[in-house]
Amino acid sequence: MLQPDRIVPTTCPYCGVGCTLELHLKNDTAYGGFIYKVTSPFDSPVNHGNLCVKGRFGYDFIYSPKRVTTPLIRKTPQKPGARTQAFDRDEWREATWDEALDLVADRLVDIYRRDGSDAMAVYCCAKATNEDNYLLQKMYRALFRTNNVDHCTRLCHAASVVALLKSLGTTAMSNTAAEVIHNDVFIVTGSNTTENHPIIALHMKEAIQKHGAKLIVIDPRRIELCDLATLYLPLQPGTNVVVFSAMAHVIVKEGLVNRAFVEARTTGYDEFVASLEKFTPEYAESISGVDRNLIIEAARLYATAKNGAIYWGMGISQLSTGTASALGLIHLALLTGHIGRLGTGLNPLRGQNNVQGASDMGAMPFHYPGYMPVDVEENALKWEAAWHIEPGGLSRKRGLTTTEILANAKPGGVRALYIMGENPMMTEPNLNVTRHHMAQLEFIVAQDIFINESCAFADVFLPATPFAEKDGTFTNTDRRVQRVRQAIAPRGQSRPDYEIICDLALRIEKRLGRPNTARWNYEEPEEIFREMANVVTMFKGVTYDRIQKLGLQYPVPDEAHPGTPFLFAESFPAGRGRFFSLEHVPAAEPTDDEYPFILTTGRLLEHWHGGTMTRHSQLDALFPQAFVDVHEIDAAQLALKTGDMVRVSSRRGSIVLRVNVSTKTSPGVVFIPMHFVEAAANLLTIDTLDPQARIPEFKACAVNIQVAREGEFAPVEEMTVRGRK
Ligand SMILES: Nc1nc2c(c(=O)[nH]1)N[C@H]1C(S)=C(S)[C@@H](COP(=O)(O)OP(=O)(O)OC[C@H]3O[C@@H](n4cnc5c(=O)[nH]c(N)nc54)[C@H](O)[C@@H]3O)O[C@H]1N2
Ligand SMILES: Nc1nc2c(c(=O)[nH]1)N[C@H]1C(S)=C(S)[C@@H](COP(=O)(O)OP(=O)(O)OC[C@H]3O[C@@H](n4cnc5c(=O)[nH]c(N)nc54)[C@H](O)[C@@H]3O)O[C@H]1N2
Ligand code: SF4
Ligand SMILES: [Mo]
């Protein structure tokens, strides 16, 4: 067997589970090593040596010949309103770092001088490190004085975060994922855990099979975990609030409330109980399609558990009722007291490897790092002191969210957009409109490792290094800050994100005539982390030295503190947990004769979002083609069989792809994965937002299905987001 010359431990760049990877290297002169294999150590606290297919085999995108490792400048100047995409290298010219960064600094400063802070906006990156994200939001806040800073968390757990903040004053998972083995009853809802958090799903299986825990699945699709569930509640998409409220109704009516907990730890109970009156199991059945007896049984099982816990995902948050859905779950925990102890809790499973971290680092329009609201004077003063800015210098105005940034791309609105490692042209809803918005911008900078569908709109491309070529930290879904270690030299001329940002910030500072405001010179990424942790006290006790091997779960208030596996033993950050009265509001777009099916979108084990990483990896061979899941009853009616080509259309767009006849979806509901550019699900999705969290309704819109014969494909520009042949 091949013996490695070196093994470098690091953290997986894909999902929020945060598995420990060991990169096996052979020496190689060009890059200081070649990664030929990935394993995981047995004693890793998160994954105990287990990895899913992405962690084990999906790293090879870093060696893809399509990776861009030289700064690029678009040859044809782009005009607002008429921007086009450029994928071919001959539409770009290679540039030196100096030339590319000077151009970016000149253009950004010109636009800022002319149109002010509101014209500037930035997308941070949940794939990049804490240090990268901290610096990018600092560059936009400190130099351009804007809070138009956001990232993909908006499209993800924004609704969970708003609900948790409103009710408990918190934003993260309350307990550690691996604690699931201490649950005796747990609810999994809106989370396809085996495909999207595979290692947490292993813990769930262990809890059931080895420890006798009982599982309740609430999901419109018959996901793999249903096979192990005691109860499966197949609800119609967008009907969470009625199902969760009916469970609360049963818990109250049957006297299963944990009175001591409600009295000691919550507020708003009486009004809440009055609001539950209408949510009878019969009413819930009529709206959600779930048998009333299943709702009653689920309520009893969860309420009478010794240690009950709730795990949830995008089926809760990606709805126009996302915040209300998450509040519905929070209510269940508050009624029963299944929170604040080992093996209980409210656990939104975070998606990207570092979405928790990017949010913690202030890559959001309403908060500085550490969730300090931007419109609270005391917070602004703290960061002004930390960044050597005159009092009153930072903007106190809440910024725009990702979806709002693009919707405001017009004269008088946002003019320049900086995108570090995101792909809105695949991952925002209603892509035909998103394309129109992107085209309105005056200047776009993209900092990525590939030219994805969004980078193709840019004026300048800055080549960043992926995880294996840089140092720093990621924070996983358990609030665990873990090390990311450089294993190989940056390929070509690519540079770590934090280095690019510092180099650019110095140039911007100079042009603005504000030298030496904030610090932009660091020897090591750890110095960036220390600067942040000096203000955000929950990270004070995290040093790189302490997390060499294991990582630490924040809050870690000092260097002697062991970290915090579960939260809220004594109280909530908001003091008492608050109940809210909820209403049933149907999904924004009802089905009708013209568009008779509900489309729900989501993920596959082998692929990642817009596919920029996994489709440049050997994983693409495992799942190379888009499909639409159609229930066998609907397929029979439409005379469709697996493999047939169909055109799926909504009021916003149309794609052509193959049918997969299955019983995984319910009749009337079709499922399309979001990963395939040649049949991009987001050409169909609706851009209606949850009014509180501003998250789009990715999980429900109305579509129709028509047979398409081979050769009768939609024109390429219609069915891809590339907009070109
Ligand atoms: N392989 C892979 N893993 C990933 C990702 C990836 O792209 N690929 N992405 C990562 C990211 S960023 C995230 S956020 C997570 C997401 O992980 P999940 O939350 O598991 O994501 P989805 O695939 O969108 O699936 C959501 C689940 O919600 C269900 N659902 C749909 N509508 C409703 C509804 O109205 N009510 C309820 N209760 N359920 C509903 C769906 O049927 C599905 O089972 O995955 C992470 N892990
Ligand atoms: N229809 C539908 N749409 C959805 C969803 C859905 O369920 N359905 N889910 C939504 C959710 S939950 C999410 S989180 C979003 C995800 O949306 P995005 O974040 O836009 O999607 P990704 O494809 O993960 O984009 C990550 C980019 O970062 C780049 N990258 C990787 N590592 C690095 C690095 O170290 N530095 C830099 N600079 N770049 C790097 C990759 O090449 C890639 O281009 O999609 C949302 N969109
Ligand atoms: S479960 Fe997530 S973190 Fe673990 S190997 Fe798979 S993708 Fe990576
Ligand atoms: Mo996500």
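By class, the shell around ligand 1 holds 13 nonpolar, 17 polar and six charged residues; here Ala, Val, Leu, Ile, Met, Phe, Trp, Tyr, Cys and Pro count as nonpolar, Asp, Glu, Lys and Arg as charged, and the others, Gly among them, as polar. In total 36 residues surround ligand 1, and the closest are Asn192, Asp219, Gly238, Met314 and His607 (a residue is near if one of its heavy atoms lies within 4 Å). The model is predicted: local features need pLDDT of at least 70, side-chain atom pairs count only at pLDDT 80 or more, and totals for chains, interfaces and linings use all residues. Residues are numbered from 1 along each chain as its sequence is written, chains are lettered from A and ligands numbered from 1 in the order in which they are written, and side-chain values use heavy atoms, with hydrogens and water left out.

α5 (193-196), α12 (314-317) and β23 (597-602) each supply at least two residues of this shell around ligand 1 (helices are DSSP runs of H or I with at least four residues, strands runs of E with at least two, numbered from the N terminus). α12 gives the most, with three residues.

A backbone N or O atom of Asn192 lies 2.7 Å from an oxygen atom of ligand 1, and a polar side-chain atom of His609 is 3.0 Å from a nitrogen atom of the ligand.

Around ligand 3, the shell has eight nonpolar, two polar and one charged residues. Among them are Cys12, Tyr14 and Lys54.

Conventions. Polar contact = N/O pair within 3.5 Å; in protein donor to acceptor, adjacent residues only side chain to side chain.
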